[in-house]
Amino acid sequence: MPDAPTPFGAYVPAVQTGNLLFLSGMLATLGHTTAIAGVLGKDLDVKAGREAAYTTALNVLALTKKQLGSLNRVSHVVRLGVYVAATPEYTEYVKVADAASE
């Protein structure tokens, strides 16, 4: 698992209230460097999009572990939102988004 990503701005990356943990939006980064960027259907194909979604999901887990001390404290995920930048004619969102939860 990678180290938890550091924010690119002055926002708080995670906030815990009670037994809920809320995370800010995540990107496909390694350290503080963008690993994968582009528009699906223009710059990226399905494989690259899946890699970006998977890398982002690992960052989510890394930040969760950093905030909670252990992933063993997670009982379930309430919501996982996946936002995909794509051309208007792109239709394979599900194939890309699935990589964030596999």
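**Notebook: salt bridges, cores and a surface patch**

I started with the charged pairs, and the count came to two salt bridges. I keep in mind that this is a predicted model.

**Entry 1: R50 and E102.** I looked up R50 and found its salt bridge to E102, with the closest N and O atoms 2.6 Å apart. I then checked where the partners sit. R50 belongs to helix α1, while E102 lies in the segment after α2 (93-97). The two are 52 residues apart, so I noted a link between distant parts of the chain. Next came accessibility. R50 is at 26% relative accessibility and therefore counts as partly exposed. E102 is at 66%, so I logged E102 as exposed.

**Entry 2: K95 and E92.** The other pair I opened was K95 with E92. Their closest N and O atoms are 2.8 Å apart. K95 has a relative accessible area of 46%, so I put K95 down as partly exposed. E92 is partly exposed too, because its relative accessible area is 30%.

**Entry 3: the cores.** Which residues have the most contacts inside the largest nonpolar core? I found I36, L40, L44, A53, Y90 and V96, in a core of 13 residues. Helix α1 (residues 46-68) gives the most to this core, with five residues. I also noted a second, separate core of five residues, among them A4, A14, A62 and L63.

Leaving out residues up to four places away in sequence, A53 touches V96, A99 and A100.

**Entry 4: T55.** I stayed on helix α1, where T55 is found. Is T55 buried or exposed? T55 has a relative accessible area of 15%; the cut-off for buried is under 20%, so T55 is buried.

**Entry 5: the surface patch.** V12, V15, L20, F22 and V78 make a nonpolar surface patch of about 480 Å². I picked F22 from this group and placed it in strand β2 (residues 20-23). F22 is at 46% relative accessibility, so I recorded F22 as partly exposed.

Notes
Residues numbered from 1 in each chain as written. Predicted model: local features only at pLDDT ≥ 70, side-chain atom pairs only at ≥ 80, totals over all residues. Heavy atoms only, no water. Patch = residues over 30% accessible without salt bridge, like charges linked within 9 Å, V, L, I, M, F, W, Y side chains within 5 Å. Areas by Shrake-Rupley, 256 points an atom, 1.4 Å probe, with all protein chains shown as cover. Salt bridge = Lys/Arg side-chain N within 4 Å of Asp/Glu carboxyl O. Helix = DSSP H or I, 4+ residues; strand = E, 2+ residues; numbered from the N terminus. Buried < 20%, exposed > 50% of the residue type's maximum accessible area, 1.4 Å probe, protein only. Core = buried A, V, L, I, M, F, W, Y, C linked by side-chain atoms within 4.5 Å. Contact = heavy atoms within 4.5 Å.
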